[in-house]
Amino acid sequence: MTKQKRKLNINLKPLIKRLESITRRKVKTRLMGNYASVFRGTGGFEFEGYREYTLNDDASMIDWKASARANKLLVKVLKQERALEVFFLVDVSESMIFGSTTKLKNEYSAELIGTLAFAISAAGDNFGFATFSNKVSNILPPSRGINHFYRLCKILTNPDVYGGNCNFVEALDFALSYVKRRSTLVFFVSDFVGLKGEWEKKLKLLCSKCDVVMIMVRDPRDETLPEDTNLVLVEDPYSKRRLIIDPKLIKHHYESYVKREENSLREAFIRAGADFLKLSTAENFITPLVGFFIRRRRKWR
């Protein structure tokens, strides 16, 4: 597709309101609570005491022996010895400026990152940020607070930030040199389309240094072709080469290829030691994101 100057359809106002007021209990408990209980860094925890169980707590956190002695449900309170530091590396290349739903992939990713940044800051952790396409840019060193969040919003909502080729190896090289603390959590947010170079070795090395989560953002048209149309003009987002296709003739082969490619990427990420989450722009990200946090917590129990 041809890059166009346009106003991005990114709604971050609700996120700013969440930072200014913690009365929005539903989002706070579902997202921030799950985030804080899963991504804890490597600094360790010390036992601080017990508190009474509430409906917002995960039942798996109940200490049954202590509850039996006290004749009421109790959960352990753990004090974090060292704060977690989170860093986002976000794909802003040409393939992210695409969408067949109400949100382009880059718009969807921006709202996802803004929401995660809220949860991270509200949990008392620092977050940093950088974008990557041909090169890594728009680097925000880790910090927290409303002003830092505003700086993040300014970058995410700037149309000039988006475009160019995807150099995933460059992003990994940056992360390997930039991340110094083992208690750092790195989020890569991308569609992971057309990855080239020896990125698997570099990802494995990064995973040996810190915690890494790969978030794949895909549009429905990345996975399937429409059935109710005739000839379609498609364009490579990087080379700009164009091709006229008949979706009905290649639909099956296209879907089979995409499925193999996604499975291959997922296996490579997991083999390297990273966690993996796939999101679709056709669905709200809150539910799958919270589900991911819960699955991760169960895996660590």
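Residues are called buried under 20% relative accessible area, exposed over 50%, and partly exposed in between (1.4 Å probe, protein chains only). The model examined here is predicted, so local features need pLDDT of at least 70 and side-chain atom pairs count only at pLDDT 80 or more, while totals for chains, interfaces and linings use all residues. Residues are numbered from 1 along each chain as its sequence is written, and side-chain values use heavy atoms, with hydrogens and water left out.

Strand β10 (residues 275-280) is largely enclosed by the rest of the structure, because five of its six residues are buried. Strand β10 runs parallel to β7 (residues 211-218), and six bridges join the two; strands pair if DSSP finds at least two bridges between them. Within this pairing, M216 has K278 of β10 as its bridge partner.

K105, found in helix α4 (residues 105-122), is buried, with a relative accessibility of 2%. Leaving aside residues up to four places away in sequence, K105 touches S95, M96, F98, D191, V217, R218, D219, D222 and T281, where contact means heavy atoms within 4.5 Å.

Finally, a word on the cysteines. C153 is buried at 8% relative accessibility, and C166 is buried at 17%. Zero disulfides (pairs of cysteine sulfur atoms within 2.5 Å) are found in the whole structure.

Technical notes:
Helix = DSSP H or I, 4+ residues; strand = E, 2+ residues; numbered from the N terminus.
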